[in-house]
Amino acid sequence: MNKSFLSTSLALLLFIGVSAQDKTAIKFSTTINKDHGYKHLSILASDEYEGRETGKKGAWMAAEYIRNHFKSIGLKGPVNGDYFQPIDMVSYQLTQTVLSVNGVAKEEGKDFVIPTSGVSLKGFTFHGDDVVFAGYGLNKDGYNDFAGIDVKGKVVIIFASGDPTAKGAAAPEDRAARRKAILAQQAKIKYLADNQALAVLQIDPALDNLTPELKAMYAGAGQVGLKTEERRARMEKMLNFPSILISPATADEILKSAGTTAAALKTQIDTDVKPASRAFRLNVSGSAVKEEVKVRAENVLGFLEGSDPVLKNEVLVITGHYDHIGLTLSGEDKVNNGADDDGSGTTGVLMIADAFAKAKKAGKGPKRSILFMTVVGEEKGLLGSEWYSEHPVFPLNKTIANLNIDMIGRVDKEHEQNPEFIYIIGSDMLSSDLNAIGIKANETYTKLNLDMTYNNRTDPNQYYYRSDHYNFAKHGIPVIFYFNGVHEDYHQPGDEVEKIHFDLLAKRAQLVYFTAWDLANRAKRPAVDKNEDGTPKTAQ
């Protein structure tokens with residue numbers, strides 16, 4: 001190829017690329033920078049905010065900070081004049097747990113634990129004088145712990161895990177094997193309930209070294225959800241059968257009446273691969289009361305009305321979740337700061353909102369309206385965005401797209417040698433137009449490496465379904481999810497501000513901004529030409 005022709009062609013392409021840039025968009029993008037990013041994130045991800053767990057003080061502090069920022073830059077509160085969209089969120093907690101052996105109350109959290117998830121809203125109470133030890137509670141392959149044993153009306157003791165007939169133990173990291181073990185234990189409990197046992201006590205050695213986190217998990221701490229009739233009805237229909245985890249020491253106290261210990265019985269069964277079931281008399285009683293507790297939680301919304309008399313009725317939604325996982329109860333560093341997850345995305349939303357607000361004040365505001373929304377409850381199951389999608393402030397049929405920012409401040413191992421990247425997920429799932437718009441914005445302005453590795457529905461990580469954009473996508477609204485991948489500090493106290501690449505955070509946020517600028521100003525909204533399963537809209 002002729003060298004002079006090549007040089008001329010490259011110069012022409014460069015000119016075309018520069019001329020395609022919107023100088024007005026560039027002018028207001030400058031507020032999206034590393035200094036402003038640090039200003040916001042150093043507050044939101046500070047220890048003072050205690051990891052921003054949904055329903056806790058730190059999340060409420062973050063919500064106040066975001067609302068104050070939206071208000072200070074001139075965004076409107078679209079929820080009846082307010083910036084908060086309250087969410088009907090509740091938790092279900094055990095307010096009373098009792099286990100007594102021969103009239104002596106045992107210590108909850110040390111001698112026994114009643115997992116909240118296994119108690120229906122009706123709670124339970126039982127009093128029994130007949131006890132049955134039934135080994136592993138198995139009935140399989142010619143091995144039957146219940147042979148010759150009538151469990152009706154009796155308190156049954158079994159080991160919480162294990163199988164003497166198994167040929168080999170699954171590796172601890174074998175998730176499928178752990179899931180299988182859980183299902184097997186649930187089947188045992190159902191068997192006892194179906195055969196009218198009074199209650200089951202499961203011997204669990206883990207209670208001897210019960211961590212504060214595990215204790216809190218058993219107690220239902222942090223297990224929040226949306227208050228819906230469907231959820232309440234489901235909980236009311238739960239199997240209402242008393243199931244209690246007991247420590248080996250508590251088991252030994254009970255089994256003393258049978259003249260043996262849990263360890264001795266386990267050794268006997270494991271060695272002989274034969275049941276060692278037995279019945280004896282002892283008074284055992286227990287109870288649990290479960291109550292619904294309201295949880296304060298809110299999405300924070302800032303609204304920028306469009307300038308076009310017609311197009312302003314259409315809304316672009318830009319989201320990031322401001323919640324994280326809160327405090328860990330052990331270890332030297334107890335704060336899961338969530339600087340990247342998703343303090344970085346929240347910071348991006350705040351800076352993008354500032355850029356558009358400045359443009360509007362200068363008379364250069366977008367034609368369409370933009371809703372800047374930081375959502376809560378993402379870490380609890382995408383609850384805040386689910387609530388908005390079911391209770392939208394603006395009609396979903398007028399919502400043209402959702403740009404969702406979740407973790408844009410770090411670099412994963414796959415890109416350590418080329419950190420100028422961002423994972424793009426979902427952009428072409430519903431709309432070819434939106435995908436092209438996002439790519440064009442990057443080619444014109446930011447020139448990041450757009451990594452599409454996770455951009456498919458069959459990705460084993462399932463990222464398309466794991467952040468707030470999905471609650472828009474499932475309603476047929478096209479989405480783009482911006483993500484830097486996971487790293488060694490994901491959901492760990494090490495996710496701190498000092499590990500954030502603020503120049504990259506700003507550049508990635510600028511990509512979202514320039515994509516939003518195009519979406520908010522173009523003549524037509526991006527067409528939805530695909531169904532949720534990826535098939536063309538025209539296909540029957």
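## The largest cavity and its lining

Helix H12 provides four residues to the lining of the largest cavity, the largest share of that lining. H12 covers residues 432–446, and strand S19, residues 479–483, is the other element named as supplying at least two lining residues. This is a predicted model.

The lining is made up of Ile424, Ser427, Leu434, Asn435, Gly438, Ile439, Leu450, Met452, Ile480, Tyr482 and Leu511. Sorted by class, eight of these residues are nonpolar and three are polar, while no charged residue takes part. The space in the largest cavity is about 50 Å³. A search of the whole structure for cavities of 30 Å³ or more finds one.

## Helix H12 against helix H14

Two packed helices are described by the distance between their axes and by the angle between those axes. For H12 and helix H14, which spans residues 502–521, the axes come within 9 Å and cross at roughly 125°. An angle of 65 to 115 degrees would count as roughly perpendicular, and one over 145 as roughly antiparallel; H12 and H14 are therefore oblique to each other. The crossing of H12 past H14 is right-handed.

On the H12 side, the contact is made by Leu434, Ile437, Gly438, Lys440, Ala441, Asn442, Tyr445 and Thr446. On the H14 side, Lys507, Gln510, Leu511, Phe514, Thr515, Asp518 and Leu519 take part. The classes in this contact are seven nonpolar, five polar and three charged residues. Leu434, Gly438 and Leu511 belong to this contact and also line the largest cavity.

## Helix H3 against helix H14

Helix H3, residues 34–44, also packs on H14: their axes come within 8 Å, and the crossing angle is roughly 105°. Angles from 65 to 115 degrees count as roughly perpendicular, so H3 and H14 are described as roughly perpendicular to each other.

H3 makes the contact through Lys34, Gly37, Tyr38 and Leu41, and H14 makes it through Phe502, Asp503, Leu505 and Ala506. Five residues of the contact of H3 with H14 are nonpolar, one is polar and two are charged.

## Helix H10 against helix H14

H10 is a further partner of H14, with axes that come within 9 Å and cross at roughly 50°. Roughly parallel would need an angle under 35 degrees, and roughly perpendicular would need 65 to 115; H10 and H14 are therefore oblique to each other. H10 passes H14 in a right-handed crossing.

From H10, the residues that meet H14 are Ser344, Thr347, Gly348, Met351, Ile352, Ala355, Phe356 and Ala359. Their partners in H14 are Leu505, Ala506, Ala509, Val512, Tyr513, Ala516 and Trp517. This contact has 12 nonpolar and three polar residues, with no charged residue. Leu505 and Ala506 of H14 meet H10 and are also part of the contact with H3.

## Two backbone details

The peptide bond that leads from Asp341 to Asp342 is cis, and its omega is near -15°. Asp342 lies in helix H10, which runs over residues 339–361.

Met407 has a phi near 80°, which is a positive value in a residue other than glycine. Met407 sits in a loop, with strand S16 (399–405) on one side and strand S17 (421–425) on the other.

Conventions: Residues are numbered from 1 along each chain as its sequence is written. This is a predicted model: local features need pLDDT of at least 70, side-chain atom pairs count only at pLDDT 80 or more; totals for chains, interfaces and linings use all residues. Side-chain values use heavy atoms; hydrogens and water are left out. On a 1 Å grid over the protein atoms alone, a cavity is a set of points where a 1.4 Å probe fits but cannot get out, and a pocket is an open set with protein on both sides within 12 Å along at least five of seven lines; lining residues have an atom within 4 Å of a point. Grid points are joined across faces, edges and corners, and a volume is the space filled by probe spheres set on the points. Ala, Val, Leu, Ile, Met, Phe, Trp, Tyr, Cys and Pro count as nonpolar, Asp, Glu, Lys and Arg as charged, and the others, Gly among them, as polar. Axes are lines fitted to C-alpha atoms, for helices over the stretch in contact, and angles run from 0 to 180 degrees between N-to-C directions. A crossing is left-handed if the near helix is turned anticlockwise from the far one by less than a right angle, and right-handed if clockwise. Contact means heavy atoms within 4.5 Å.
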